[in-house]
Amino acid sequence: MTERQPHLAGPLRARLLVCGKTRVSGAEAIVDATLESPLDRWQGKARIAVDRLGHPTAQLKQLAGTIDFTGSARRTTGALDLRTGAFRTDPLAGDSLALAGRYALGSDGAAMQGQVSAKGAAFTPAWRKRLAELGSTGDGTPIGPLMVK
């Protein structure tokens with residue numbers, strides 16, 4: 001602790017974390033963070049690695065990257081650079097995802113500005129079926145021929 005500012009450094013590990021319907025297994029973070037007295041503000045960075053992240057609507061394997069943060073419980077901002085291995089969501093599945101940019105989280109909501117990219121991504125079979133069915137939704141209307149295309 002320096003000048004009444006606790007400093008956290010080192011690894012944090014968890015075999016399993018559960019929050020609602022989200023399950024994270026094989027999590028590790030190398031953290032370097034400073035808290036301001038009375039622990040109402042923080043600043044730092046973390047290098048993270050997660051074996052699996054699962055939710056009924058999305059699954060990720062091998063999530064890794066860096067996150068930095070500055071703020072308070074009212075509003076925290078920072079940057080992130082994350083990569084995954086195989087992923088599956090309700091509409092898409094693929095070989096990998098990458099997400100990099102700046103974020104803000106707070107009592108007024110969440111926002112992100114950055115870039116997302118995917119390799120080997122394709123619509124899941126259920127979504128391909130839904131999209132194919134859209135072709136007939138315009139039958140009998142002036143846009144019917146366009147919907148088939």
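The model is predicted, so local features are reported at pLDDT of at least 70 and side-chain atom pairs at pLDDT 80 or more, while totals for chains, interfaces and linings use all residues. Residues are numbered from 1 along each chain as its sequence is written, and side-chain values use heavy atoms, with hydrogens and water left out.

**Confidence**

- The protein has a mean pLDDT of 91, and 93% of its residues reach 70 or more; pLDDT is the predictor's confidence in each residue, from 0 to 100.
- Helices (H or I, at least four residues) and strands (E, at least two) are DSSP runs, numbered from the N terminus.
- Where pLDDT is low, predicted coordinates should not be read in detail.

**Strand pairing**

- Strand S5 (residues 75-83) runs antiparallel to strand S8 (residues 96-106), and nine bridges join them; two strands pair if DSSP finds at least two bridges between them.
- Within this pairing, Leu82 is placed opposite Leu99 of S8.
- S8 also pairs with strand S9 (residues 109-119), in the antiparallel sense and over 11 bridges. Gly101 has Gly114 of S9 as its bridge partner.

**Salt bridges**

- The count of salt bridges is four, where a salt bridge is a side-chain nitrogen of Lys or Arg within 4 Å of a carboxyl oxygen of Asp or Glu.
- One of them joins Glu28 and Arg13, with the closest N and O atoms 3.1 Å apart. This pair links distant parts of the chain, 15 residues apart: Glu28 belongs to strand S2 (residues 22-36) and Arg13 to strand S1 (residues 7-19).
- Glu28 is partly exposed at 31% relative accessibility, whereas Arg13 is exposed at 61%. Buried means under 20% relative accessible area, exposed over 50%, and partly exposed in between (1.4 Å probe, protein chains only).
- Arg130 and Asp90 form another salt bridge, at 3.9 Å from N to O. The two residues lie 40 residues apart, Arg130 in helix H1 (residues 125-134) and Asp90 in the loop between strand S6 (87-89) and strand S7 (92-94).
- Both members of this pair are partly exposed: Arg130 has a relative accessibility of 40%, and Asp90 has 39%.
- Asp81 and Arg83 meet in a salt bridge at 2.9 Å, N to O. Asp81 is partly exposed at 33%, as is Arg83 at 43%.

**Aromatic pair**

- The count of aromatic pairs is one. Rings of Phe, Tyr and Trp (its six-membered ring) pair if their centres lie within 6.5 Å; planes under 30 degrees apart count as stacked, over 60 as edge-to-face and the rest as tilted.
- Phe123 and Trp127 make up the pair, which is stacked, with 6.5 Å from centre to centre and 20 degrees between the planes.
- Phe123 has a relative accessible area of 38% and is partly exposed; Trp127 is also partly exposed, at 25%.

**Buried loop residue**

- Thr124 sits in the loop between strand S10 (122-123) and H1, and is buried with a relative accessible area of 3%.
- Not counting residues up to four places away in sequence, Thr124 touches Arg88, Thr89, Asp90, Pro91, Leu92 and Ala93; contact means heavy atoms within 4.5 Å.
- Asp90, one of the residues that Thr124 touches, is also the salt-bridge partner of Arg130.
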